[in-house]
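Okay, thanks everyone, let's get going.

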Amino acid sequence: MHANSLAIINSFIPVSRKRDNRVGEKSTPMSTLEMLDALIGLVFIFLLLSLICSALNEIIENILKKRASDLEAGIRELLQDIGKEGNGKVEELYKHSLIAGLYKGPYVPFGKNLPSYIPASNFALALLDNILPASSNNLSGSVGGAALNGDTPQSKSLAPLRNEIINKWPESASKRALLTLIDAAGNDINKARENIENWYNSSMDRVAGWYKRRVQKILIVLGFVLAVVMNADTIVIFKSLISDPPLRNSLVAAAQEYAKSPTLNDTSTIAQRRVSENARKIYGYRLPIGWDWDNTSIDQSNKRLAIPWSVTNNNESIAVRWLLKVIGWLITALAVSLGASFWFDILNKIMVIRSTVKPHEKSPEESSEDRQNPKPTVVVAKN
């Protein structure tokens, strides 16, 4: 087998499982608890890195206001007000007092001042009032106002509302949907409002899907950039957790402490502080993270922090070192893209499993290979 291939395979073998160079000696296999502790430490690091990337994404979102753009795009699809020649229904909706109060300044399509969230009740009441305004002299009066005031089902007829939709709403899928929702309500104004709210909420589920997919892509990019900048190599980190009991124990203790009072959802106002806090935590755990740019002082213990092209040995070429380093970074990036909530749940589950490990599995008794089985003691009874 080629020397480079052997080096790659050898690098993935946990240190504690490798045979010693001396003939006849083996390293002690890891116990169940030690392996769980190594996983807890790795998951905890993924959690902290995810928190950093989530905070960075929150800062980017606060600048770009993409949530507001997604919301407006979803409402435009819902009301079929798309393109330069739209029907103007979205502009009417955003200029209604129930919506206009949620943002500052004039309405500008896809403007950064627009709200990133509109309650379903505000949407439904504003839409109904735009269709049949409160100033109308129709027999039904203001349908939106009646729904807001909680009038009885039979106190207002929905026929004028239906006629307004038929006569003034442009032909589209949204017109057919509104007529269906109104017909399903009978003469119950509150039921009509609830139907429109449900229609809006189902559309917002699709908008939420847009946002989640975009955020996951952003987190992958941020995760890879962060992994490169911090040299957060999953392969190296896992090896260190397996071979370094003090490091493993310190991370387990930190993870248990963090689980008592987690902070997963940061607002944009404290996102920058969270980035620096979690970065300091990671560097404070003596993890093999970071870069050692001083090639002259690199010894065998910190070669893992060296620049991949700066140090080689008889078993690893520069290409192998780069390949392993990039793979480790990619694993870190993919892990970070799953989000902090995911890793927090995994952390809790592993801790539950850890608490159920039997005592003899936590500290297995080991016997020397040179020890011989003792002969049974023969007791002779005397007469």
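So, look at Lys 89 to begin with: it lies over the face of Trp 169, and the distance to the ring centre is 4.6 Å. Do keep in mind that what's on the screen is a predicted model.

Right by that in the sequence, let's talk about Asn 87. Where does Asn 87 lie? Asn 87 is in the loop between α3 (66–78) and α4 (89–95). If you leave aside the neighbours within four places in sequence, Asn 87 is in contact with Leu 79, Gln 80, Asp 81 and Pro 170. Take Pro 170 from that list: along the chain Asn 87 and Pro 170 are 83 residues apart, yet their C-alpha atoms are separated by 7.1 Å.

Let me zoom out for a second. The protein chain has 16 helices and zero strands. Of its 383 residues, 42% are buried. And if you take the contacts in the chain with a separation of 6 or more, 69% of them are between residues 24 or more positions apart.

Now, the aromatics. How many aromatic pairs does the structure hold? There are eight aromatic pairs. Here's one I'd like you to see: Phe 46 and Trp 343 have ring centres 4.9 Å apart and planes at 45 degrees, so we call the pair tilted. That pair links distant parts of the chain, with Phe 46 sitting in helix α2 (residues 32–64) and Trp 343 in helix α15 (residues 340–355), 297 residues apart. Buried or exposed, these two, Phe 46 and Trp 343? Both Phe 46 and Trp 343 are buried.

Staying with α2, let's see how it packs. α2 and helix α10 (residues 189–230) pack at an angle of about 120 degrees, and their axes are 9 Å apart. The two helices, α2 and α10, are therefore oblique to each other. As for handedness, α2 passes α10 in a right-handed crossing. If you want to click on side chains, the α2 part of the contact includes Leu 49, Ile 52, Leu 56 and Ile 60, as well as Asn 57 and Glu 61. On the α10 part, look for Tyr 211, Arg 214, Val 215, Ile 218 and Leu 222, among others.

That's my tour, over to you.

Key. Residues are numbered from 1 along each chain as its sequence is written. This is a predicted model: local features need pLDDT of at least 70, side-chain atom pairs count only at pLDDT 80 or more; totals for chains, interfaces and linings use all residues. Side-chain values use heavy atoms; hydrogens and water are left out. Rings of Phe, Tyr and Trp (its six-membered ring) pair if their centres lie within 6.5 Å; planes under 30 degrees apart count as stacked, over 60 as edge-to-face and the rest as tilted. Helices (H or I, at least four residues) and strands (E, at least two) are DSSP runs, numbered from the N terminus. Buried means under 20% relative accessible area, exposed over 50%, partly exposed in between (1.4 Å probe, protein chains only). A charge sits over a ring if NZ of Lys or CZ of Arg is within 6 Å of the ring centre and within 35 degrees of the ring normal. Axes are lines fitted to C-alpha atoms, for helices over the stretch in contact, and angles run from 0 to 180 degrees between N-to-C directions. Angles under 35 degrees count as roughly parallel, over 145 as roughly antiparallel, 65 to 115 as roughly perpendicular and the rest as oblique. A crossing is left-handed if the near helix is turned anticlockwise from the far one by less than a right angle, and right-handed if clockwise. Contact means heavy atoms within 4.5 Å.
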